[in-house]
Amino acid sequence: MVKVNNLLCTGCGGCINICPVCAITLQQGDDKATVNANCNDCKVCIRACPVNVFSL
Amino acid sequence: MAKYDVVVVGAGYAGLMAAKTAGEAGLTTALLEMKHDISALRRAETQMILPMGDDFLDDRIIFNGKTGLLSFANNGFSFKYDGPYRNIFAFHLYSVDGNCLRFGTADAQRKLGDRGRIAIALDKPKALASLLKQVKAAGVDVFPGTVVKDVKKTDGAVRVIAHDKEFSGTFCIAADGANSRVAQALGFNKDRGYYSSMNVVGYYMRNLKVPDPDTVYYVVAQYEKTAVITALVPRPYEKEHAVVFICLDCRVDLIKFYKYLTEQTKLPWFKGAEAQLVNSSCGNMWSTIEKPFKDNVLLVGDTIWCQESENFGALLSGAKAAMAVAYALDEGKPDEHGVKNYLEWWDKHFFNSPNYKRDQIMGNYMLGAILNNKEIDYLFSKLKMVLKASIHPYTLFNELGQALGGVVPDIQKEMPQVLAGLGRMAQESPAEILKDAASAGFPNR
């Protein structure tokens, strides 16, 4: 499952609809990206994120 | 599962305007948004402004600065904006070496007062908050923190499936942006033209030393062999700008570009300025959708074309789609025929309008992909005339061809590769020019 660096996330949500398995949502409170168990490590979010929030 | 007349997906300008219009027309309406805080501006964008004094999609915005009422003159609807604004009087494009192409000058336009403005800059979070207040007052059920995964047509309804809830609507309005999950689920992206995937980062900056406080500045640069556009948009507060870096090749690190622009170029604006990274976006650049309707879902805003509906187009298409739904339900025709007013408007005033070349907006990003910084600077140095004051995304460059005509012999003599580059821009499709960038992209087909 990809890791999320919340310090970098701006909460733009661009990754959410890019994710082919609907594994990303925005968490309550600060609207930062969070990844759920559907993640299959396809890495699309890693390429897409403009502020490098995601890593394996 | 609650059944609504219309379920609106996405609460940006397009979705909020659609929900407000539907609610005010008496329709039972649900508004779903992935963010928990709807009025926060998380997605970086260039046009945090509304173009004024010009037509777009057969309408024109009239703004009353005293009351904050924004009216669409031809379609007869409005919304009230509760926040500060700034008149924008000119639009200047700079090379990184400091020559510029000027669409109007603020000094001349300012003398004309409000009639001289080419746009107004709003505080967008305050605009979203104003719209949300009106949406709620219209009785719309609002569901923040709701991520839509799929839509399905059933007998006489559209099922909108979110992570932990499900909604049903006679109609659905998809306002979920450039990477629309709804458009993907309906199959629109399968055969759609794909240019590339765009990355953007946005900063708020204080104390920039730009020449004029009421001018929007773009810096057109070539960086790592591709185009990066920097937009410096004045905010409606003293000495504050929204500064946005945009690149159509997602491999480019825009935070590094920011360092390059501010530390290694001749532009003197950034010295001593305070900057804070506030938002970003990653979005697919798709070609325009011909018919924004399928299975009782109407598509609006950036969902239907190539990012650049502008805030103007988002508000207008959201309202138009909701009015068409209200008409269809009143007429007892909950189908494509019922909403034909929206589809005919789209076809006549954008998709097949002689005023706009479809996807022409892509051309605006091509200059830095083809010419290097020295060539861009040279080109701007030859275009010293002041062009018509405008920031209209589609008609802005109409005058430029004529101006260019006058300096072609000079360019031919002094830097012929610039003419060759401009020829390539005219002849090659943006998709061809962006082929390499597209190979690294992330299209959600």
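**Close-up 1. Packing of helices α1 and α3 in chain B of the predicted model****.** Axes here are lines fitted to C-alpha atoms, for helices over the stretch in contact, and the angle between two axes runs from 0 to 180 degrees between N-to-C directions. In this predicted model, helix α1 (residues 13-24) of chain B packs against helix α3 (residues 124-137) of chain B at an angle of about 20°, and their axes are 9 Å apart. Because angles under 35 degrees count as roughly parallel, α1(B) is roughly parallel to α3(B). The crossing in which α1(B) passes α3(B) is left-handed. On the side of α1(B), the contact is made by Tyr13(B), Leu16(B), Met17(B), Ala19(B) and Lys20(B), while α3(B) contributes residues including Lys124(B), Ala127(B), Leu128(B), Leu131(B) and Leu132(B).

**Close-up 2. Lysine and arginine side chains over tyrosine rings in chain B****.** Lys124(B), one of the contact residues of α3(B), lies over the face of Tyr13(B) at 4.4 Å from the ring centre. Arg235(B) in turn lies over the face of Tyr204(B), with a distance of 3.9 Å from the ring centre.

**Close-up 3. The aromatic pair Tyr217(B) and Trp269(B)****.** Over all chains, a search of the whole structure finds 21 aromatic pairs. In the pair formed by Tyr217(B) and Trp269(B), the ring centres are 5.3 Å apart and the planes stand at 50°, so the pair is tilted. This pair links distant parts of the chain, since Tyr217(B) belongs to strand β16 (residues 215-223) of chain B and Trp269(B) to the loop between α5 (254-264) and β19 (274-286) of chain B, 52 residues apart. Both Tyr217(B) and Trp269(B) are buried.

**Close-up 4. The aromatic pair Phe245(B) and Phe257(B) and its cluster****.** The rings of Phe245(B) and Phe257(B) have centres separated by 5.7 Å and planes at 70°, so this pair is edge-to-face.

**Close-up 5. The surroundings of Thr25(A)****.** Thr25(A) is found in strand β2 (residues 24-26) of chain A. Leaving aside neighbours within four places in sequence, Thr25(A) is in contact with Ile16(A), Lys32(A), Ala33(A) and Thr34(A), and also with Val147(B) and His163(B). The C-alpha atom of Thr25(A) is separated by 14 Å from that of Cys49(A), which is 24 residues apart from Thr25(A) along the chain.

Notes:
Residues are numbered from 1 along each chain as its sequence is written. Chains are lettered from A and ligands numbered from 1 in the order in which they are written. This is a predicted model: local features need pLDDT of at least 70, side-chain atom pairs count only at pLDDT 80 or more; totals for chains, interfaces and linings use all residues. Side-chain values use heavy atoms; hydrogens and water are left out. Rings of Phe, Tyr and Trp (its six-membered ring) pair if their centres lie within 6.5 Å; planes under 30 degrees apart count as stacked, over 60 as edge-to-face and the rest as tilted. Helices (H or I, at least four residues) and strands (E, at least two) are DSSP runs, numbered from the N terminus. Buried means under 20% relative accessible area, exposed over 50%, partly exposed in between (1.4 Å probe, protein chains only). A charge sits over a ring if NZ of Lys or CZ of Arg is within 6 Å of the ring centre and within 35 degrees of the ring normal. Angles under 35 degrees count as roughly parallel, over 145 as roughly antiparallel, 65 to 115 as roughly perpendicular and the rest as oblique. A crossing is left-handed if the near helix is turned anticlockwise from the far one by less than a right angle, and right-handed if clockwise. Contact means heavy atoms within 4.5 Å.
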